[in-house]
Amino acid sequence: MTTPPRARTAATAAAVAGTPTLVFLAANGTGGPRAASVAAAVTAVALLGWRLRERRHVRHAVLGALLATACAGVALWTGQARGFFLLPMAVPAAATAACLLSLVADRPLAGSVANKVVGGPPGWRADRALHRFYAVSTVVIALVSFASLAAQVALYRWSDVAWLGLLHLLMGPLWAGVTALSLLLARRAVTRERDAAGAGGRTR
(Lines give C-alpha, C1' and ligand atoms only; values in the text may rest on other atoms or scores of the structure.)
Protein backbone atom coordinates (compact mmCIF):
# COMPACT_ATOMS: atom_id res chain seq x y z
CA MET A 1 0.00 0.00 0.00
CA THR A 2 1.56 3.27 -1.13
CA THR A 3 1.25 6.60 0.66
CA PRO A 4 -0.71 9.28 -1.30
CA PRO A 5 1.55 12.10 -2.57
CA ARG A 6 -0.42 14.77 -0.69
CA ALA A 7 -0.17 12.88 2.61
CA ARG A 8 3.52 12.22 2.02
CA THR A 9 4.12 15.91 1.28
CA ALA A 10 2.22 16.96 4.41
CA ALA A 11 4.21 14.52 6.53
CA THR A 12 7.48 15.83 5.10
CA ALA A 13 6.47 19.43 5.73
CA ALA A 14 5.50 18.62 9.33
CA ALA A 15 8.80 16.83 9.91
CA VAL A 16 10.80 19.73 8.50
CA ALA A 17 8.84 22.29 10.55
CA GLY A 18 9.43 20.37 13.76
CA THR A 19 13.13 19.67 13.23
CA PRO A 20 14.46 22.99 14.64
CA THR A 21 12.43 22.42 17.81
CA LEU A 22 13.78 18.89 18.20
CA VAL A 23 17.31 20.16 17.66
CA PHE A 24 16.74 22.90 20.22
CA LEU A 25 15.49 20.46 22.84
CA ALA A 26 18.36 18.05 22.24
CA ALA A 27 21.02 20.78 22.28
CA ASN A 28 19.51 22.42 25.36
CA GLY A 29 19.88 19.18 27.29
CA THR A 30 23.61 19.08 26.61
CA GLY A 31 24.80 22.64 26.03
CA GLY A 32 22.18 24.95 27.53
CA PRO A 33 19.92 27.59 25.93
CA ARG A 34 22.68 29.52 24.16
CA ALA A 35 24.03 26.50 22.30
CA ALA A 36 20.49 25.27 21.65
CA SER A 37 19.48 28.63 20.14
CA VAL A 38 22.44 28.64 17.77
CA ALA A 39 21.82 25.01 16.80
CA ALA A 40 18.13 25.64 16.10
CA ALA A 41 18.86 28.75 14.01
CA VAL A 42 21.53 26.95 11.97
CA THR A 43 19.18 24.01 11.43
CA ALA A 44 16.38 26.31 10.28
CA VAL A 45 18.64 28.05 7.77
CA ALA A 46 19.99 24.72 6.48
CA LEU A 47 16.47 23.37 6.01
CA LEU A 48 15.48 26.56 4.22
CA GLY A 49 18.39 26.11 1.82
CA TRP A 50 17.36 22.54 1.16
CA ARG A 51 13.73 23.50 0.54
CA LEU A 52 14.75 26.32 -1.79
CA ARG A 53 17.00 24.00 -3.75
CA GLU A 54 14.20 21.45 -4.04
CA ARG A 55 11.70 24.25 -4.76
CA ARG A 56 9.15 22.75 -2.40
CA HIS A 57 6.67 25.00 -0.58
CA VAL A 58 9.05 27.95 -0.71
CA ARG A 59 6.69 30.33 1.09
CA HIS A 60 6.10 27.91 3.96
CA ALA A 61 9.82 27.20 4.13
CA VAL A 62 10.67 30.89 4.42
CA LEU A 63 8.01 31.52 7.08
CA GLY A 64 9.11 28.45 9.03
CA ALA A 65 12.75 29.50 8.94
CA LEU A 66 11.90 33.04 10.04
CA LEU A 67 9.78 31.76 12.93
CA ALA A 68 12.42 29.27 14.06
CA THR A 69 15.23 31.82 13.95
CA ALA A 70 13.05 34.38 15.74
CA CYS A 71 12.27 31.85 18.48
CA ALA A 72 15.98 31.06 18.77
CA GLY A 73 16.70 34.79 18.98
CA VAL A 74 14.23 35.25 21.85
CA ALA A 75 15.75 32.31 23.74
CA LEU A 76 19.22 33.73 23.16
CA TRP A 77 18.14 37.20 24.28
CA THR A 78 16.38 36.00 27.43
CA GLY A 79 19.04 33.41 28.23
CA GLN A 80 16.25 30.98 29.08
CA ALA A 81 15.30 27.86 27.15
CA ARG A 82 11.60 28.52 27.67
CA GLY A 83 11.99 31.75 25.71
CA PHE A 84 12.13 29.66 22.53
CA PHE A 85 8.40 28.99 22.93
CA LEU A 86 7.31 32.54 23.79
CA LEU A 87 6.54 33.73 20.25
CA PRO A 88 4.44 30.67 19.26
CA MET A 89 2.02 31.57 22.05
CA ALA A 90 0.93 34.53 19.95
CA VAL A 91 -0.75 32.17 17.46
CA PRO A 92 -3.47 30.74 19.75
CA ALA A 93 -3.81 34.13 21.44
CA ALA A 94 -4.49 35.83 18.10
CA ALA A 95 -6.83 33.03 17.01
CA THR A 96 -8.85 33.28 20.22
CA ALA A 97 -9.13 37.06 19.96
CA ALA A 98 -10.10 36.92 16.28
CA CYS A 99 -12.82 34.34 16.93
CA LEU A 100 -14.31 36.29 19.84
CA LEU A 101 -14.25 39.60 17.98
CA SER A 102 -15.89 38.02 14.94
CA LEU A 103 -18.69 36.64 17.14
CA VAL A 104 -19.23 40.03 18.75
CA ALA A 105 -19.46 41.58 15.28
CA ASP A 106 -21.92 38.82 14.23
CA ARG A 107 -19.52 37.71 11.51
CA PRO A 108 -18.31 34.28 12.68
CA LEU A 109 -14.73 33.77 11.56
CA ALA A 110 -15.37 30.18 10.47
CA GLY A 111 -17.97 31.41 8.02
CA SER A 112 -15.79 34.18 6.63
CA VAL A 113 -13.02 31.67 5.88
CA ALA A 114 -14.50 28.20 5.41
CA ASN A 115 -17.57 29.30 3.45
CA LYS A 116 -15.37 30.67 0.65
CA VAL A 117 -13.16 27.59 0.59
CA VAL A 118 -16.06 25.13 0.28
CA GLY A 119 -17.95 27.29 -2.22
CA GLY A 120 -20.83 28.25 0.05
CA PRO A 121 -23.41 30.91 -0.77
CA PRO A 122 -22.24 34.54 -0.49
CA GLY A 123 -25.29 35.36 1.63
CA TRP A 124 -24.60 32.71 4.27
CA ARG A 125 -25.16 35.22 7.08
CA ALA A 126 -28.82 35.47 6.07
CA ASP A 127 -29.17 31.67 6.18
CA ARG A 128 -30.14 30.88 9.78
CA ALA A 129 -28.86 27.29 9.71
CA LEU A 130 -25.50 28.15 8.12
CA HIS A 131 -25.03 31.17 10.35
CA ARG A 132 -25.67 29.04 13.43
CA PHE A 133 -23.31 26.32 12.18
CA TYR A 134 -20.48 28.78 11.54
CA ALA A 135 -21.08 30.48 14.89
CA VAL A 136 -20.80 27.15 16.73
CA SER A 137 -17.69 26.26 14.71
CA THR A 138 -16.11 29.58 15.64
CA VAL A 139 -16.87 29.00 19.34
CA VAL A 140 -15.24 25.54 19.16
CA ILE A 141 -12.14 26.96 17.46
CA ALA A 142 -11.96 29.69 20.10
CA LEU A 143 -12.15 27.10 22.88
CA VAL A 144 -9.42 24.96 21.31
CA SER A 145 -7.24 28.03 20.83
CA PHE A 146 -7.75 29.20 24.39
CA ALA A 147 -7.05 25.73 25.81
CA SER A 148 -3.84 25.59 23.81
CA LEU A 149 -2.83 29.05 25.01
CA ALA A 150 -3.64 28.24 28.65
CA ALA A 151 -1.59 25.04 28.52
CA GLN A 152 1.40 26.83 26.98
CA VAL A 153 1.25 29.68 29.48
CA ALA A 154 1.11 27.23 32.40
CA LEU A 155 4.07 25.22 31.08
CA TYR A 156 5.97 28.44 30.39
CA ARG A 157 5.46 29.65 33.96
CA TRP A 158 6.61 26.26 35.25
CA SER A 159 9.65 26.41 32.92
CA ASP A 160 8.82 22.91 31.71
CA VAL A 161 10.79 23.06 28.47
CA ALA A 162 10.32 19.40 27.53
CA TRP A 163 6.52 19.56 27.68
CA LEU A 164 6.53 22.97 26.00
CA GLY A 165 8.49 21.43 23.15
CA LEU A 166 6.13 18.48 22.88
CA LEU A 167 3.09 20.74 22.87
CA HIS A 168 4.73 22.97 20.27
CA LEU A 169 5.34 19.95 18.03
CA LEU A 170 1.74 18.80 18.43
CA MET A 171 0.26 22.18 17.51
CA GLY A 172 0.90 21.73 13.79
CA PRO A 173 -0.94 18.40 13.45
CA LEU A 174 -3.65 19.63 15.84
CA TRP A 175 -4.44 22.73 13.80
CA ALA A 176 -4.21 20.77 10.55
CA GLY A 177 -6.79 18.34 11.93
CA VAL A 178 -9.07 21.12 13.20
CA THR A 179 -8.89 22.87 9.83
CA ALA A 180 -9.58 19.70 7.85
CA LEU A 181 -12.52 18.75 10.09
CA SER A 182 -13.95 22.29 9.93
CA LEU A 183 -13.84 22.31 6.13
CA LEU A 184 -15.38 18.84 5.93
CA LEU A 185 -18.27 19.78 8.20
CA ALA A 186 -18.72 23.11 6.43
CA ARG A 187 -18.94 21.37 3.06
CA ARG A 188 -21.56 19.00 4.44
CA ALA A 189 -23.54 21.86 5.97
CA VAL A 190 -23.52 23.81 2.70
CA THR A 191 -24.54 20.72 0.72
CA ARG A 192 -27.33 19.96 3.18
CA GLU A 193 -28.72 23.50 2.91
CA ARG A 194 -28.54 23.41 -0.90
CA ASP A 195 -30.37 20.09 -0.98
CA ALA A 196 -33.02 21.44 1.41
CA ALA A 197 -33.45 24.57 -0.71
CA GLY A 198 -33.71 22.48 -3.88
CA ALA A 199 -36.28 20.16 -2.32
CA GLY A 200 -38.30 23.14 -1.13
CA GLY A 201 -38.26 24.63 -4.63
CA ARG A 202 -39.47 21.39 -6.22
CA THR A 203 -42.43 21.07 -3.88
CA ARG A 204 -43.79 24.49 -4.76
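Okay, let's start at one spot: glycine 83 touches Cys71, Val74, Ala75, Thr78 and Tyr156, and that leaves out anything up to four places away in sequence. Before I go on, keep in mind that this is a predicted model. So where does glycine 83 sit? You'll find glycine 83 in the loop between helix 2 and helix 3. And is it buried or exposed? Glycine 83 counts as buried because its relative accessibility is 0%, and the cut-off for buried is under 20%. One of those contacts is worth a look on your screen: cysteine 71 is 12 residues away along the chain, and the two C-alpha atoms are separated by 7.2 Å.

Let me zoom out for a second. If you take contacts between residues at least 6 apart in sequence, 64% of them join residues at least 24 apart.

Now, the cores. The largest nonpolar core has 18 residues, and the ones touching the most other members are Phe24, Ala40, Phe84, Phe85 and Leu164. Which elements give two or more residues to this core? Those are helix 1, which is 5–54, helix 2, which is 58–78, helix 5, which is 128–157, and helix 6. Take alanine 40 as an example: leaving out residues up to four places away in sequence, alanine 40 touches Pro20, Val23, Phe24, Ala72 and Phe84. Then there's a second, separate core of 14 residues, and Cys99, Tyr134, Ala142 and Ala186 are among them.

While we're on helix 5, have a look at serine 145, which lies in that helix. Serine 145 is buried, with a relative accessible area of 0%. What does serine 145 touch, not counting residues up to four places away in sequence? The answer is Pro92, Ala95, Thr96 and Trp175.

Compare that with leucine 76, over in helix 2. At 37% relative accessibility, leucine 76 counts as partly exposed. Setting aside neighbours within four places in sequence, leucine 76 is in contact with Arg34 and Ser37. Leucine 76 and arginine 34 are 42 residues apart in sequence, but C-alpha to C-alpha they're 5.5 Å apart.

Next up, helix 4, residues 109–117. Which residues of helix 4 are buried? Ala110, Gly111, Ala114 and Asn115 are. They end up on the same side of helix 4 because they cover an arc of only 105° around the axis. As a reminder, an α-helix has 3.6 residues a turn, so residues three or four places apart point the same way. On the face of helix 4 turned away from the buried side, you've got the exposed residues Lys116 and Val117.

The elements giving two or more residues to the lining are helix 3, at 90–104, helix 4, and helix 6, at 161–203. What classes of residue make up that lining? By class, it has 11 nonpolar residues, two polar ones and no charged ones.

Last topic, backbone angles. Just after helix 4, glycine 119 takes a positive phi of about 75°. Aspartate 106 isn't a glycine, yet aspartate 106 has a positive phi too, at about 60°. Aspartate 106 lies in the loop between helix 3 and helix 4, and it's partly exposed, with a relative accessible area of 38%. Serine 159 is another residue other than glycine with a positive phi, near 55°. Serine 159 sits in the loop between helix 5 and helix 6, and at 41% relative accessibility serine 159 counts as partly exposed.

That's what I had, so over to you.

How values were computed
Residues are numbered from 1 along each chain as its sequence is written. This is a predicted model: local features need pLDDT of at least 70, side-chain atom pairs count only at pLDDT 80 or more; totals for chains, interfaces and linings use all residues. Side-chain values use heavy atoms; hydrogens and water are left out. Buried means under 20% relative accessible area, exposed over 50%, partly exposed in between (1.4 Å probe, protein chains only). Helices (H or I, at least four residues) and strands (E, at least two) are DSSP runs, numbered from the N terminus. The arc is that of the directions from the helix axis to the C-beta atoms. Ala, Val, Leu, Ile, Met, Phe, Trp, Tyr, Cys and Pro count as nonpolar, Asp, Glu, Lys and Arg as charged, and the others, Gly among them, as polar. A nonpolar core is a set of buried Ala, Val, Leu, Ile, Met, Phe, Trp, Tyr and Cys residues joined through side-chain atoms within 4.5 Å. Contact means heavy atoms within 4.5 Å.
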